[in-house]
Amino acid sequence: MTKIISLFILEAVFCLTFFTVSYSDINLIQTTCKKTAFYDLCVLTLKSDPRSSTADVSGLARIVADSVNAKAIATLNQISALLKSVKDPTLEKALEGCIVSYNTIIQADIPVAIDAIEKGNPKFAVQSATDAGNEAQACENSFAEKPSNSPIFSGNKAVHDLSVVLQSIASLLL
């Protein structure tokens, strides 16, 4: 009987410890995301990454930076595919400009942001996140008259909005 009680107590302590850690992780995510312009996107992005369960605010910024990069790569791939079949010269010109914007995001803005986060220099992470968001917006603006005509609207919006989330979280590190 004492073995059953001991086992029950051990199990209860384990569950309580696990719940407390999980609750504090969720609390950090929610508290951090409340300080961003896109709360739901922030929470969804962070909860979907297993690294968030052990991350501090700097780690959360890194997770969002990785998400911006992944979404930027996916959007760049979509742009490249569209360029292979585009017939409209205006659309082709806009997509070629977007290639430049997304290469800048992937090769410069996000690597600088990640490096700044890792080295504890959030000022550069904030600026690079701002630049990434501006590049995505510049791409979207190149589809002149109607943004709804943009074949990559959802990718541009995702990269822009995630960049704003990254900028907000990196600002918390200042």
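Which residues does Cys98 touch, not counting residues up to four places away in sequence? The first point takes up this question.

1. The model is a predicted one. In it, Cys98 touches Ile79, Cys139, Ser142, Phe143 and Ile152, once residues up to four places away in sequence are set aside. Cys98 is found in helix 4. Its relative accessible area is 0%, and because buried means under 20%, Cys98 is buried. The C-alpha atoms of Cys98 and Asn141 are separated by 9.8 Å, although the two residues stand 43 apart along the chain.

2. One of the contacts of Cys98, that with Cys139, is also a covalent link: the two form a disulfide, with their sulfur atoms 2.0 Å apart. The torsion about the S-S bond is about 100°, so this disulfide is right-handed. The pair links distant parts of the chain, as Cys98 lies in helix 4 (residues 89–118) and Cys139 in helix 5 (residues 122–141), 41 residues apart. Both Cys98 and Cys139 are buried.

3. The structure holds two disulfides. The other bond joins Cys33 to Cys42, with an S to S distance of 2.0 Å. The link of Cys33 and Cys42 is left-handed, with -70° about the S-S bond. Cys33 has a relative accessible area of 0% and is buried; Cys42 is likewise buried, at 0%. With bonded cysteines counted along the chain, the disulfides follow the pattern 1-2, 3-4.

4. Cys42 also has a part in a helix contact. The axes of helix 2 (residues 39–47) and helix 6 (residues 153–172) come within 10 Å and cross at roughly 85°. Helix 2 is therefore roughly perpendicular to helix 6. From helix 2 the contact is made by Leu41, Cys42 and Thr45, and from helix 6 by Asp161, Leu162, Val165 and Ile169. Sorted by class, this contact of helix 2 with helix 6 has five nonpolar, one polar and one charged residues.

5. Is Thr75 buried or exposed? Thr75 is buried, with a relative accessible area of 2%. Its place is in helix 3 (residues 57–85). Leaving aside neighbours within four places in sequence, Thr75 is in contact with Tyr102, Ile152, Gly155, Asn156 and Val159.

6. The remaining remarks concern the chain as a whole. The protein chain has six helices and zero strands, and from the N terminus on its elements run α-α-α-α-α-α. Of the 174 residues in the protein chain, buried residues make up 37%. The accessible surface comes to about 10000 Å², and 62% of that surface belongs to carbon and sulfur atoms.

Terms used. Residues are numbered from 1 along each chain as its sequence is written. This is a predicted model: local features need pLDDT of at least 70, side-chain atom pairs count only at pLDDT 80 or more; totals for chains, interfaces and linings use all residues. Side-chain values use heavy atoms; hydrogens and water are left out. Axes are lines fitted to C-alpha atoms, for helices over the stretch in contact, and angles run from 0 to 180 degrees between N-to-C directions. Helices (H or I, at least four residues) and strands (E, at least two) are DSSP runs, numbered from the N terminus. Angles under 35 degrees count as roughly parallel, over 145 as roughly antiparallel, 65 to 115 as roughly perpendicular and the rest as oblique. Contact means heavy atoms within 4.5 Å. Ala, Val, Leu, Ile, Met, Phe, Trp, Tyr, Cys and Pro count as nonpolar, Asp, Glu, Lys and Arg as charged, and the others, Gly among them, as polar. Buried means under 20% relative accessible area, exposed over 50%, partly exposed in between (1.4 Å probe, protein chains only). Accessible areas come from the Shrake-Rupley method with a 1.4 Å probe; for residues, only the protein chains shown count as cover. A disulfide is a pair of cysteine sulfur atoms within 2.5 Å.
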